[in-house]
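Here is a short report on one protein structure. Keep the sequence and the 3D view beside you as you read.

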Amino acid sequence: MVDVSTIDAGASREDEIDGHNDPHDFLCALEADSSLFLSGQLRERLIALDALDAGFGGFDSGDSAEYVDSRLHERAKALRMRLEAANAELYRSVRSDIVRGGEPRALVQWFEDSASNDELRSPLPGLGFDYRDELVSGVLQLAEPGEPNLELSAEMVPYQPTPVRHILHLIAAGAVAEDDVFVDLGSGLGHVPLLVSMLTGARSVGVEVEAAYVASARKCAESLGLGCVDFIAQDARDADLSRGTVFYLYSPFKGSMLDEVLSALRRESLRRSIKICSLGPCTRKVSNETWLKASGLWDAGRITVFESL
C-alpha cells in the first residue's frame, strides 16, 4: 500500500529550484533533501527530474553538457537514477493494490489529495498534462505500438490521450456509477476505460479502429486483472452500442463519420436514456444535436456532459 500521508500537492519546489543558479549548489540541495524519496513525493520528484534534465542534460546519450564538470554530471546522473527508481517503486505498489482487487485505494487517495473541489468541478481547460498523468502512465505501463497498421481516413483524428484531470471530471460530472456501461468511442490505448472502471467499478468498453492499440489495451487490462473492461477493434460506425449508458467522444473523428455515430447514438436514446461526455472540437457539433441537452454551458476545453431528452 502506498503511503499517501506525505503528499503535498501545493508544495513549491519550483521556487526553490529557481533560486539556485549554480549547478553545484543546486545539485547539493537536491542530494541533501531526503524527503524526495518518500513515496508520496511524486510531484516533487518529477519537478526535480525535469530540473536535472534541463540543468545537466545528456543523460541518455552519455554526453555531458559543455559547461558542466564531468564529476558533477555523474552525480546528477546517479541522483536521477535514484529518483526514477523511487517512482518505479511507487508505480509497482499502486499496481499491486489494483491487482489485489477491490477499490484501488492508493490511487483514489492520490487523486483526492491532488485536487481541490473547485478543480474537480471545473478543471483547467486545454490538453496540457500534469504529474497525475505521469502517475497513471507509470501504473498502467501501456506499451505504445510503433507505426499504426491502419492508414487513417481524412475524417479520423490521430490518437491523443485524454489528460487525467479531465477523466476525473468526466467521472464526477457524468455521475458514472457501478451499474453504468461506459463506452469510449475512439479509445486509443485505452487508458480512459481502464481508469473509469478502476475508479467506479463500471463495466467499460473501448472501441478503437487501430488493432495494435487494442492489443496493447487488452494486455494492460489482463495484467491488472480488470475483467470488467473490454476492447474491440472496430470502426465506431459498426460498433454495437446497445449496452452503453455513458459514451465518451474526445473528437476521434469528424464530418460525416461523426454524423453517422451521433445518428446511431440518437437511435439508442429512443430505447433508454444515455449520456454523452464530450471533449475537444466535436463538442460544438454535439451541442447542436436537438435530442441532447447539456448539463451546463458547453466548453470544448473541458468535459461537457449531454443527456438525452
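## About the model

This is a predicted model, in which local features need pLDDT of at least 70, side-chain atom pairs count only at pLDDT 80 or more, and totals for chains, interfaces and linings use all residues. Residues are numbered from 1 along each chain as its sequence is written, and side-chain values use heavy atoms, with hydrogens and water left out.

Helices (H or I, at least four residues) and strands (E, at least two) are DSSP runs, numbered from the N terminus.

Seven of them form an open sheet in the order 3-2-1-4-5-7-6, with mixed pairing. Two strands count as paired if DSSP finds at least two bridges between them. Strand 3 and strand 6 are the edge strands, and each pairs on one side only. From one strand to the next, the twist averages 20 degrees. Strands of a sheet pair through backbone hydrogen bonds, either parallel or antiparallel.

Strand 4 (residues 246-249) and strand 5 run parallel, joined by four bridges. Tyr248 has Cys277 as its bridge partner in strand 5.

## Strand 7 and its neighbours

Strand 5 (residues 275-278) runs antiparallel to strand 7, and four bridges join them. Strand 6 (residues 292-294) also pairs with strand 7 in the antiparallel sense, over three bridges. Look at Phe306 in strand 7. Phe306 is the bridge partner of Ile276, and Ala294 stands opposite Phe306 too.

Why is strand 7 largely enclosed by the rest of the structure? Four of the five residues of strand 7 (residues 304-308) are buried, so the strand is largely enclosed. Buried means under 20% relative accessible area, exposed means over 50%, and partly exposed lies in between (1.4 Å probe, protein chains only).

## Helix 10

Helix 10 (residues 211-223) has 13 residues. From first C-alpha to last, helix 10 reaches 18 Å, close to the 18 Å expected at 1.5 Å a residue. That expected span is 1.5 Å times one less than the number of residues. At its start, a side-chain oxygen of Glu210 reaches to within 3.2 Å of the backbone nitrogen of Ala212. Just after helix 10, Gly225 takes a positive phi of about 70 degrees.

The buried residues of helix 10 include Ala212, Tyr213, Val214 and Ala217. The buried residues pack against helix 7 (131-140), helix 9 (191-200), strand 2 (203-208) and strand 3 (229-233). Contact here means heavy atoms within 4.5 Å.

## Ser216

Ser216 is found in helix 10. Is Ser216 buried or exposed? Ser216 counts as buried because its relative accessibility is 9%. Its side chain reaches the backbone oxygen of Ala143 at 2.5 Å. Not counting residues up to four places away in sequence, Ser216 touches Leu142, Ala143 and Leu189.

## The cores

A nonpolar core is a set of buried Ala, Val, Leu, Ile, Met, Phe, Trp, Tyr and Cys residues joined through side-chain atoms within 4.5 Å. The largest one has 55 residues, of which Leu52, Leu135 and Tyr248 touch the most other members. Helix 4 (residues 70-99) gives the most to this core, with eight residues. Another core, of 25 residues, lies apart from it, with Val181, Val207, Leu265 and Cys282 among its members.

Note on methods
A polar contact is a pair of N or O atoms within 3.5 Å; within protein, one must be able to donate a hydrogen and the other to accept it, and residues adjacent in sequence count only if both atoms are side-chain atoms. Axes are lines fitted to C-alpha atoms, for helices over the stretch in contact, and angles run from 0 to 180 degrees between N-to-C directions.
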